[in-house]
Each structure stands twice: as structure tokens, then as C-alpha cells.
Amino acid sequence: MTDALFEQHKNTLNEALKAIKSREFYSAYPEVPSGKIYGQDAKADGQKAFENRLNKDFSLNQPGTVGDVGAERSPYGFALNVKYPKVDVDVLFGAMNEAMASWRDAGIAVRTGICLEILKRLNERSFELGFSVMHTSGQGFVMAFQAGGPHAQDRGLEAVAYAYRAMRETDDKTLWVKPQGKHQPLSVEKTYRVAPKGLSLAIGCATFPTWNSYPGIFASLMCGNPVVVKPHPNAILPLAITVEVAQQVLREQGFAPHLVALLADEPEQPIAQTVALRDEVKLIDFTGSNAFGTWLEQNARQARVYSEKAGVNAIVIDSCDNLKAVVNNLVFSLCLYSGQMCTTPQNLFIPQSGITTADGHVSFDDVAKALAEGIEKFLSDPARAAEVLGCIQSPDTLARIERARALGEVVLDSKAYGNEVFEQAKVYSPILIKADAQNEQVWMQEQFGPIAFLIATQDTAHSLALAKMATQSKGAITWGVYSTDEAVLSQAENAALDACVALSCNLTQGLFVNQSAAFSDFHGTGGNPAASASLTDGAFIAGRFSMVQSRRHSQ
């Protein structure tokens with residue numbers, strides 16, 4: 001047990017520490033799936049590695065294995081038929097708790113070096129992870145590679161940096177000397193050690209299995225907590241590979257590999273609810289439905305819960321210089337991954353009297369028409385449509401699209417698109433629905449998937465008020481505003497501050513409201529119902545360890 005890995009990866013850590021303070025652009029792991037970067041055969045090798053996983057048992061070093069489990073099916077139309085270890089939770093949790101002391105006592109530098117080595121090796125497996133994310137989430141390959149690989153790894157590194165900084169805020173030792181007037185000063189040696197909270201449970205989601213899970217996994221592991229990874233039953237493989245890599249590094253460094261363990265289940269026999277209430281579980285990271293996230297917050301009282309749930313993300317359109325550029329930007333945001341992102345806009349608030357542009361006044365109906373035509377044009381290329389839309393991950397989302405047609409006047413209907421490679425893929429375009437501002441029961445709840453509402457308001461002040469009300473009541477991860485009036489932009493910033501939501505202003509170039517960059521963008525704020533935590537800030541780390549002191553008189 002040495003600091004060798006820490007020294008090996010020290011430059012990466014230092015750059016990450018600089019970035020979380022400056023918030024400037026930084027990425028340790030290249031996002032371009034280029035052969036020049038990752039090797040000419042990297043994509044083919046990654047695809048082969050993924051395919052070699054299919055129809056086989058996935059072996060892990062885990063105490064208490066009592067059988068196998070797994071029923072994943074690719075949204076692109078085939079069964080993965082991968083079987084994962086099914087474990088006796090009593091045995092596994094007991095073994096993980098026994099291993100915690102050695103991990104705690106290893107110290108901050110050793111834990112940091114190991115976490116950085118895990119991330120390095122995950123980056124080397126980015127193509128395998130990309131295909132695994134693609135065939136569990138339904139994302140197109142490029143998006144799956146980026147979000148499931150380098151971007152997730154950047155978020156993991158960000159958590160490592162925040163945890164390292166938090167644990168290093170206090171020196172390990174000090175000599176405390178108190179003057180005693182005429183008497184000899186009181187001299188006391190004090191030591192300070194990081195104490196982990198206990199088992200950490202990471203409950204993954206089906207749409208972004210690694211991106212949403214890595215912050216919690218690496219934050220807890222850094223702080224000395226063993227991590228139980230409980231993937232969504234339809235998206236196990238990417239997190240199983242993650243656990244496999246973590247166990248390899250831990251074993252090589254002389255630690256119990258099951259300090260990071262996989263807890264897989266199947267849709268028919270879910271276990272998250274039962275496991276989350278166990279006394280051993282002291283930390284829970286969750287991404288998923290509003291209902292289960294709220295249930296965890298209300299019932300898992302023995303644990304600190306970090307949740308990312310549902311939201312009704314808003315766009316407020318007041319005025320613009322270039323309507324075409326605005327439409328192009330919004331169209332991409334609405335289409336990307338068929339709206340199956342927690343950052344995708346849902347409610348587009350537009351004054352019923354229309355908006356002002358550089359080319360003159362544009363009516364509400366003409367703005368709606370421009371958006372509809374923009375989507376149709378953008379998806380007119382079948383290859384681009386298949387890559388950008390990906391495919392629908394869950395049958396529940398398909399059903400939601402069907403029900404949406406009855407929620408208001410359909411401006412643009414959702415339609416099925418083909419996929420030349422995967423004929424059974426369920427590929428659907430966004431549906432745009434005109435909604436009355438007073439019909440809050442329609443748009444004041446998350447309609448997860450490619451569903452967006454065009455809401456006619458009295459004016460922009462009314463738009464901002466409705467967006468603020470919805471966010472404070474139901475939550476939101478993102479807001480966007482378009483205006484040529486600085487006073488309106490200032491009002492929007494104040495409203496976003498009141499609602500505690502991230503705001504994007506006048507995005508028309510290569511940046512979209514549903515993009516979130518590690519080291520610079522805070523994903524979620526913890527200040528509205530969409531999330532109880534931010535990925536990643538100091539508060540995301542602070543509750544994962546305690547600082548314990550001991551003191552004795554100096555000799």
C-alpha cells in the first residue's frame with residue numbers, strides 16, 4: 001500500500017483542482033471517438049468487447065453470490081442475455097463493512113490514487129462502455145460514447161477533486177499551544193482523521209447509467225465509504241463493467257475488491273426499496289422518478305439521500321435578433337435523444353401576442369410553425385435522425401407519447417423513424433402541443449420523453465412568473481431565455497435565482513441548454529424539487545465523511 005498511484009496521477013488531480021475553482025474549460029478525457037486519440041482499432045475492439053459480453057455470465061469477485069440475475073434488452077431490439085451475480089445481501093454487506101476499516105486507514109492519498117487509476121482504466125474502455133450504454137439506454141453511439149464514457153469520467157474526476165479538497169481543508173496534525181500567562185503554556189498534540197459514514201448505495205438510472213452514477217460512486221469511495229452499485233435493471237452492463245474495473249484496481253493494490261460491489265436485480269423482482277432501508281446504508285445517490293426519489297427522501301431516514309428527480313424545464317421566448325438561429329438551437333435540444341434527458345426543455349412560454357425579431361413582429365402561431373418546420377427539416381436526413389434521436393428506452397415513454405395527443409392542440413405530431421441497422425428500434429420525433437397557460441394540470445408535471453408544450457402567455461413577465469411557479473412547485477434542472485432586452489434578461493436572472501435553477505441566455509451557437517460541462521456547470525442546484533443535490537459542489541461531498549480528532553499533552 002503506497003502513494004505510487006497518487007504520484008502517477010498527481011498532475012491530473014492538480015488540473016482538476018484548478019478547474020473546480022476557476023470554472024474554466026477542462027476535460028481530462030477526450031470526448032471525440034477518434035482513432036487518432038484512442039487508437040485506430042479502439043472502436044472495433046470496443047464493439048467486439050461489448051459483443052463478447054452478450055449471452056454470457058458476468059463474473060465478479062463478490063461474497064455471498066447465490067445465483068445469477070439479469071434480463072436486459074437493448075432498446076434497439078435484441079436481448080443482451082447477460083447474467084450477473086445474484087447476492088445474499090446480508091453476506092455482502094457484512095463483508096463490505098469488514099473491509100471498510102482498511103480502506104479508511106489507507107489515507108487520503110492512497111484512496112485518491114486508486115480512484116484516479118480506476119478512472120484512467122475506464123477511459124481506456126470508453127468504446128466498450130459506449131456500446132454498452134447505447135444498447136441499454138437507447139442513445140445513438142456518439143452520444144453514448146461521450147455521455148457514457150469521457151463525460152461521465154470527467155464527472156467522476158470532478159467528484160474526486162471536490163472530495164480531495166474537502167478532506168484536505170484540515171491538516172492531519174497540529175501542535176496547539178495556549179499561553180497561560182506566568183505559567184508554562186499548555187501544549188497539546190492534536191490529530192484529525194477522516195471517518196467514513198458507512199455503506200454508500202448508488203441507484204442508477206436507465207437513460208444515463210454512468211454519467212449520473214459516477215459522481216456519487218467516486219465521492220463516496222474517496223471519503224472511505226464502500227460503494228454498493230445498484231443499476232437500473234434495464235441498464236446493468238455499463239455499471240457492471242465499472243465495478244469490474246474498480247475491483248481489478250482494488251485487488252492489485254491489496255484491498256478487498258468488494259469495496260465496490262454490484263447489486264443487480266430484474267424488473268419483476270426489484271430490490272432497491274428494501275435495500276435502501278437497511279441500517280448499514282448510510283448514503284444514497286439516486287437518479288430517477290419523482291415518486292421513488294421522494295419516497296427515498298421521506299423513508300430512508302438512516303441515510304443521507306442525494307437525489308436527482310423530475311423537472312419541468314422551461315424556455316422563455318421574449319424577442320430575438322435571429323429567429324432561425326433560435327429555432328435551430330431549440331430544435332436540436334428537443335430532438336436530442338428523443339427528449340429523454342433531465343435537461344430537455346418541456347415548457348416553451350411565448351407571449352400570445354407574439355415576439356419581436358430583427359425582421360419584424362412574429363405571431364405566436366408563426367413561432368410555433370417555425371419550430372415545427374425546424375424539427376421536420378432537421379430530421380429529414382434519415383441517418384442524422386437515427387443518430388440524434390437514438391431510440392425510446394422504455395415502453396412507458398411510448399405510452400406517454402400516445403397520451404400526449406389528447407393534452408391539447410397538436411402543432412406537430414410525433415412520428416416513427418426507421419433505423420437502417422436496427423429494424424426493431426423504436427425511433428420517434430418530438431410532439432409539439434399548444435397549451436393554455438391556465439391549464440396547469442397539463443404542463444405542470446414532467447412528461448418525460450419527446451413531448452413539449454408551447455404555452456401562450458399574457459406577456460414575458462407572465463412567462464417568467466409561470467416558469468418560476470412551476471420550478472418552485474415541481475422542480476427544473478434548466479431554464480433558457482431569449483431576449484434582446486437587457487432588462488428582461490436581468491429579470492430572468494433574478495427569477496432563476498429565486499427558483500434556484502440554472503439559466504442559459506440567448507443560446508444560438510454550438511451550445512445547448514441540455515448540455516452540462518464538468519468542472520464548469522453545476523448540474524442541478526439542490527434548491528428546487530428536481531434535485532436535492534448538485535453535481536458537483538462542496539455540499540455533495542461534505543456529508544460523506546466526519547472529521548474525528550484525538551488529542552494528548554505534548555511531551
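**Exercise 1. The second largest cavity**

Which residues lie nearest the centre of the second largest cavity, and how many residues line it?

*Solution.* The model under study is a predicted one.
Step 1. The lining of the second largest cavity consists of 13 residues.
Step 2. Nearest the centre of this cavity lie Gly339, Met341, Thr344, Gln346 and Gln447.
Step 3. The volume of the second largest cavity is about 80 Å³.
Step 4. Its lining divides by class into 5 nonpolar, 7 polar and 1 charged residues.

**Exercise 2. The largest cavity**

State how many cavities of 30 Å³ or more are counted, and describe the lining of the largest cavity.

*Solution.* 
Step 1. The count of cavities of 30 Å³ or more is 5.
Step 2. The largest cavity holds about 120 Å³ of space, and 14 residues line it.
Step 3. Phe286, Thr287, Tyr306, Leu535 and Phe540 are the lining residues closest to the centre of the largest cavity.
Step 4. Strand S10 and strand S11 (304-308) each contribute at least two residues to this lining.
Step 5. In the lining of the largest cavity there are 6 nonpolar, 6 polar and 2 charged residues.

**Exercise 3. The largest pocket**

Identify the residues closest to the centre of the largest pocket and the elements that supply its lining.

*Solution.* 
Step 1. The volume of the largest pocket is about 1200 Å³.
Step 2. The largest pocket is lined by 45 residues, and those closest to its centre are His151, Asn514, Gln515, Ser516 and Ala517.
Step 3. At least two lining residues come from each of helix H8 (141-148), helix H9 (150-167), helix H16 (382-389), strand S22 (478-482) and strand S23 (502-505).
Step 4. H8 provides the largest share of the lining of the largest pocket, 4 residues.
Step 5. By class, this lining comprises 25 nonpolar, 14 polar and 6 charged residues.

**Exercise 4. The second largest pocket**

Determine which helix gives the largest share of the lining of the second largest pocket.

*Solution.* 
Step 1. About 1000 Å³ is the volume of the second largest pocket.
Step 2. Among its 40 lining residues, Ala206, His232, Thr287, Gly288 and Ser289 are the closest to the centre.
Step 3. Helix H12 (272-276), strand S10 (281-287), helix H13 (290-299) and helix H17 (395-404) each supply at least two residues of the lining.
Step 4. The largest share, 3 residues, belongs to H17.
Step 5. The lining of the second largest pocket is made up of 15 nonpolar, 16 polar and 9 charged residues.

**Exercise 5. The overall fold**

*Solution.* 
Step 1. The protein contains 21 helices and 24 strands.
Step 2. The C-alpha trace spans about 80 × 70 × 45 Å along the principal axes.

Key:
Residues are numbered from 1 along each chain as its sequence is written. This is a predicted model: local features need pLDDT of at least 70, side-chain atom pairs count only at pLDDT 80 or more; totals for chains, interfaces and linings use all residues. Side-chain values use heavy atoms; hydrogens and water are left out. On a 1 Å grid over the protein atoms alone, a cavity is a set of points where a 1.4 Å probe fits but cannot get out, and a pocket is an open set with protein on both sides within 12 Å along at least five of seven lines; lining residues have an atom within 4 Å of a point. Grid points are joined across faces, edges and corners, and a volume is the space filled by probe spheres set on the points. Ala, Val, Leu, Ile, Met, Phe, Trp, Tyr, Cys and Pro count as nonpolar, Asp, Glu, Lys and Arg as charged, and the others, Gly among them, as polar.
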